[in-house]
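The sequence and structure come first.

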Amino acid sequence: MGSYYKHKKKETIDVSYSFRCEQCMKESGPLTAVISGMEAEINSNYKTLDDKKQSSLNEMAHANLVSAVKEAYSNAVEKHIFVKAFKDECPHCHKPQTWGLSGLKDDMFGTPIVCVILGIILGAGCYFFSGVENNLMIALAAAGICFVIGAGSLVLNILKLGNKKKQTAGVIQKNEPVIDWSSVQHILNER
Ligand SMILES: [Zn+2]
């Protein structure tokens, strides 16, 4: 097996938004959410990619950004879920907003599920392909570590959510952020 290089690319885009604080009633003023697509990756034997591969890496990174922007848009407009890129901390009183709960809830199982899937893949990989005598032990240990990290991140997410719920419990007037989607309209128009 020869050595190879990982070529990575990630695209991001800014979306402006603002909100009226539910806790101190002040206007946040213009804020910026940075929406980023998943990182695209291509493995190659060469340090620099040829044009064809480079453009396919660019396309992958761009497609990931398009789907992230579309997801953020449909979540916000249709389901009133605001992804975590829209920070809900008030610039004046630094308190969180009730609409910030939606993004946390939506994201709660993301990392834990990834950990469990990774655990299963790693465990199975160690068990079937390691070729050593105590492969079952190694497989269980590898899977176990992933499961523990997954459970830990779930607990952390539940704590974060509980903390934010507590901090926003006294809110009487619930608001939502006003998002200016015009800067990403060209992306929303893409198929
Ligand atoms: Zn405030």
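## Chain layout

Along the sequence, the elements of the protein chain follow the order β-β-β-β-α-α-α-α-β-α. Helices (H or I, at least four residues) and strands (E, at least two) are DSSP runs, numbered from the N terminus. The chain has five helices and five strands. Its radius of gyration is 21 Å, well over the 16 Å that the globule rule gives for 191 residues, so the chain is more spread out than a compact globule. That radius is taken over C-alpha atoms, and the rule is 2.2 Å times the number of residues to the power 0.38.

The model is predicted; local features need pLDDT of at least 70 and side-chain atom pairs pLDDT 80 or more, while totals for chains, interfaces and linings use all residues. Residues are numbered from 1 along each chain as its sequence is written.

Along the principal axes, the C-alpha atoms fill a box of roughly 65 × 45 × 25 Å. Of the 191 residues, 21% are buried. Buried means 20 or more other C-beta atoms within 10 Å of the residue's own, exposed means 12 or fewer, and partly exposed lies in between, with C-beta atoms placed from the backbone.

## The sheet

β3, β2 and β5 form an open antiparallel sheet in the order β3-β2-β5. Strands count as paired if DSSP finds at least two bridges between them. The edge strands β3 and β5 (178–180) each pair on one side only. β2 is joined to β5 by three bridges; serine 18 has valine 178 in β5 as its bridge partner.

Helix α1 packs on this sheet, touching β2, β3 and β5, and its direction makes about 130° with that of β3. Contact means C-beta atoms, placed from the backbone, within 7 Å.

## Helices α3 and α4

The axes of α3 (residues 110–129) and α4 (residues 135–167) come within 8 Å and cross at roughly 175°. Axes are lines fitted to C-alpha atoms, for helices over the stretch in contact, and angles between N-to-C directions run from 0 to 180 degrees. α3 is therefore roughly antiparallel to α4, a label for angles over 145 degrees.

## Two loop residues

Methionine 25 lies in the loop between β2 (12–18) and β3 (31–36). Its phi is near 70°, a positive value in a residue other than glycine. Methionine 25 counts as exposed because it has 12 C-beta neighbours inside 10 Å.

Histidine 94 is in the loop between α1 (51–79) and α2 (100–107), and its phi, near 60°, is also positive. With 10 other C-beta atoms within 10 Å, histidine 94 is exposed.

Key:
Parallel < 35°, antiparallel > 145°, perpendicular 65-115°, else oblique. Contact = placed C-beta atoms within 7 Å.
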